[in-house]
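Student: I am new to this structure and would like to go through it step by step. Please show it first.

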Amino acid sequence: MKVTVIGCWGGFPKAGEATSGYLLEHGGCRLLLECGSGVVSLLQQKADLGDLDGVIITHYHYDHCCDIGPLQYARQIKTQLGQIHKPLPIYAPDGEFFKLLKWEDYTYGQSFSQDSIISIGPFEASFIKNVHPVEAYSVKITCEGRTLAFTSDTSYFEELNDFFYCSDLLISECSFYDYMDGTKAGHLNSAQAGMLAEKAQVKKLILTHLPHFGNLEDLMAQAKQNYSGQVLLAEKFMEIEL
Ligand code: ZN
């Protein structure tokens, strides 16, 4: 599968960029993982919004889901123009925002929880509940024997090591530097991202959900203190073939 980073910022997008959003493609199927602010605009440089086959939202914090609204309007307009002919499934946790995922006949919600396994074309997604101020999930997406692991937002917890074990790529949030403790906020720091990658024995680590302060290169160096594999910083339109 091909993974394209659409947005990699935590909280709010840098000018001209986006918060969480990742495009997964394989065999003509396109899955959008997270739809944060700025994602709908940038995604169109990589795929037509009418060509999406599904969307996964890990939780209802705005930096992961707030472009769902514009995406729904895009699907409406493209349907009315006769360019697309089927509603878009949006997979997300249940909760007070879930009902908003249905937009007339253009999009609809499908809820998931810890034990769910979702098939979207060639992709199979499974979930583990995170430690975060709102209900949130880490996601593992498998496609033809390759596995993408994605933390979304979470404090560190040991079960993640097994859940992500031997994944081909871990995209880990990295909201803080190693001298900061993100536990109360429900986030990982750079050292914890490295530790998770090492314990889970993943083949490669990409740091994302990046902070708007400090020297981002330091995040990589700090993660490498705990992880012997390759560490990269996510950036707009970075492409990884798995
Ligand atoms: Zn969050």
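Tutor: A search of the whole structure finds 0 disulfides, a disulfide being a pair of cysteine sulfur atoms within 2.5 Å. The model is predicted, so local features need pLDDT of at least 70 and side-chain atom pairs count only at pLDDT 80 or more, while totals for chains, interfaces and linings use all residues. Residues are numbered from 1 along each chain as its sequence is written, and side-chain values use heavy atoms, with hydrogens and water left out.

Student: Which cysteine has the nearest sulfur to that of cysteine 8, and how far away is it?

Tutor: Cysteine 8 takes part in no disulfide. The nearest cysteine sulfur belongs to cysteine 174, at 11 Å.

Student: Is cysteine 8 buried or exposed?

Tutor: Buried means under 20% relative accessible area, exposed over 50%, and partly exposed in between, with a 1.4 Å probe and protein chains only. Cysteine 8 has 2% relative accessibility, so the residue counts as buried.

Student: What is the nearest cysteine sulfur to cysteine 66?

Tutor: Cysteine 66 is in no disulfide either. Its relative accessibility is 32%, so cysteine 66 counts as partly exposed. The nearest cysteine sulfur lies 6.5 Å away and is that of cysteine 65.

Student: What is the volume of the largest pocket?

Tutor: On a 1 Å grid over the protein atoms alone, a pocket is an open set of points where a 1.4 Å probe fits, with protein on both sides within 12 Å along at least five of seven lines. Grid points are joined across faces, edges and corners, and a volume is the space filled by probe spheres set on the points. For the largest pocket the volume is about 200 Å³.

Student: Which element supplies the largest share of the lining of the largest pocket?

Tutor: Lining residues have an atom within 4 Å of a point; among them are Tyr60, Cys65, Cys66, Gln72 and Phe97. Helices (DSSP runs of H or I, at least four residues) and strands (runs of E, at least two) are numbered from the N terminus. Both α2 (62–65) and α3 (68–80) supply at least two lining residues. The largest share, 3 residues, comes from α3.

Student: How many residues of that lining are nonpolar, polar and charged?

Tutor: Ala, Val, Leu, Ile, Met, Phe, Trp, Tyr, Cys and Pro count as nonpolar, Asp, Glu, Lys and Arg as charged, and the others, Gly among them, as polar. The lining of the largest pocket divides into 8 nonpolar, 2 polar and no charged.

Student: How many aromatic pairs are there?

Tutor: Rings of Phe, Tyr and Trp (its six-membered ring) pair if their centres lie within 6.5 Å; planes under 30 degrees apart are stacked, over 60 edge-to-face and the rest tilted. The count by this rule is 9 aromatic pairs.

Student: Why is the pair of phenylalanine 127 and tyrosine 137 given its class?

Tutor: The ring centres of phenylalanine 127 and tyrosine 137 are 6.5 Å apart, and the planes meet at 85°, so the pair is edge-to-face. Phenylalanine 127 is in strand β8 (residues 123–129) and tyrosine 137 in strand β9 (residues 137–143), 10 residues apart. Both residues are buried. Ring pairs also link them with Phe112 into a cluster, and the class asked for is edge-to-face.

Student: Which ring does the charged end of lysine 140 sit over?

Tutor: A charge sits over a ring if NZ of Lys or CZ of Arg is within 6 Å of the ring centre and within 35 degrees of the ring normal. Lysine 46 lies over the face of phenylalanine 237, at 5.0 Å from the ring centre. For lysine 140 the distance to the centre is 4.4 Å, and the ring is that of phenylalanine 163.

Student: Is serine 152 buried or exposed?

Tutor: Serine 152 is in the loop between β10 and α4 (159–163). Its phi is positive, about 55°, although the residue is not a glycine. The relative accessible area of serine 152 is 1%, so this residue is buried.

Student: Is glutamate 144 buried or exposed?

Tutor: Glutamate 144 is found in the loop between β9 and β10 (146–150). Glutamate 144 has a positive phi of about 45° and is not a glycine. With 67% relative accessibility, glutamate 144 counts as exposed.
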